[in-house]
Amino acid sequence: METAKEVTVYEKTPDATLSNPKVQKVGKLDSRGVSHLQKYIAGAKTRRLGYVSSNRFVQVGDRRLGVVVWSDGRLLGLDFTGQDASRVPPTTTHSLMVNADEVLSKHLLDAVKEAE
């Protein structure tokens with residue numbers, strides 16, 4: 001997947017439900033965040049996992065990827081299930097891009113959290 005120069009960040013709205021998965025725009029990744037995303041995707045491997053849920057999403061071109069975080073706050077991976085990961089139920093088997101580089105993962109997650 002090629003990364004666009006402009007990446008928009010979204011998050012679930014407080015009133016989002018499984019049957020009505022609403023998201024709102026938070027902001028855009030800065031140039032460092034886009035660079036981290038490109039490196040993350042370039043070095044990623046694919047994993048399939050069940051029960052995956054995201055609160056933040058990054059829009060890359062016409063794809064919306066879920067930002068999946070471990071319970072301890074570390075980045076698990078990017079959910080690329082379907083065209084829009086925000087619309088895929090958590091109980092479905094999800095396809096994730098995972099990258100073993102913990103420093104890069106932390107920088108990417110920080111950039112997503114700081115998007116304005």
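The model is predicted: local features need pLDDT of at least 70, side-chain atom pairs count only at pLDDT 80 or more, and totals for chains, interfaces and linings use all residues. Residues are numbered from 1 along each chain as its sequence is written, and side-chain values use heavy atoms, with hydrogens and water left out.

The protein chain contains two helices and seven strands, taken as DSSP runs (helices: H or I, at least four residues; strands: E, at least two) and numbered from the N terminus. Their order along the sequence is β-β-α-β-β-β-β-β-α. The radius of gyration is 13 Å, close to the 13 Å that the globule rule gives for 116 residues, so the protein chain is as compact as a globular protein of that length. This radius is taken over C-alpha atoms, and the rule is 2.2 Å times the number of residues to the power 0.38. Along the principal axes, the C-alpha atoms fill a box of roughly 35 × 30 × 30 Å.

With a contact defined as heavy atoms within 4.5 Å, 57% of the contacts between residues at least 6 apart in sequence join residues at least 24 apart. The accessible surface of the protein chain, from the Shrake-Rupley method with a 1.4 Å probe, is about 6600 Å², and carbon and sulfur atoms contribute 49% of this area.

Strand β4 (residues 56-60) has four of its five residues buried, so this strand is largely enclosed by the rest of the structure. Strands are considered paired if DSSP finds at least two bridges between them. β4 pairs with strand β1 (residues 7-12) in the antiparallel sense over five bridges, and Arg56 of β4 is the bridge partner of Glu11. β4 is also joined by five bridges to strand β5 (residues 63-69), again antiparallel; here Phe57 has Gly66 of β5 as its bridge partner. β4 and β5 form a hairpin with two residues between them. In the turn, Gly61 has a positive phi of about 65°.

A positive phi, of about 35°, also occurs at Tyr51, although this residue is not a glycine. Tyr51 lies in the loop between β3 (45-49) and β4. The residue is exposed, with a relative accessible area of 61%.

How values were computed
Buried means under 20% relative accessible area, exposed over 50%, partly exposed in between (1.4 Å probe, protein chains only).
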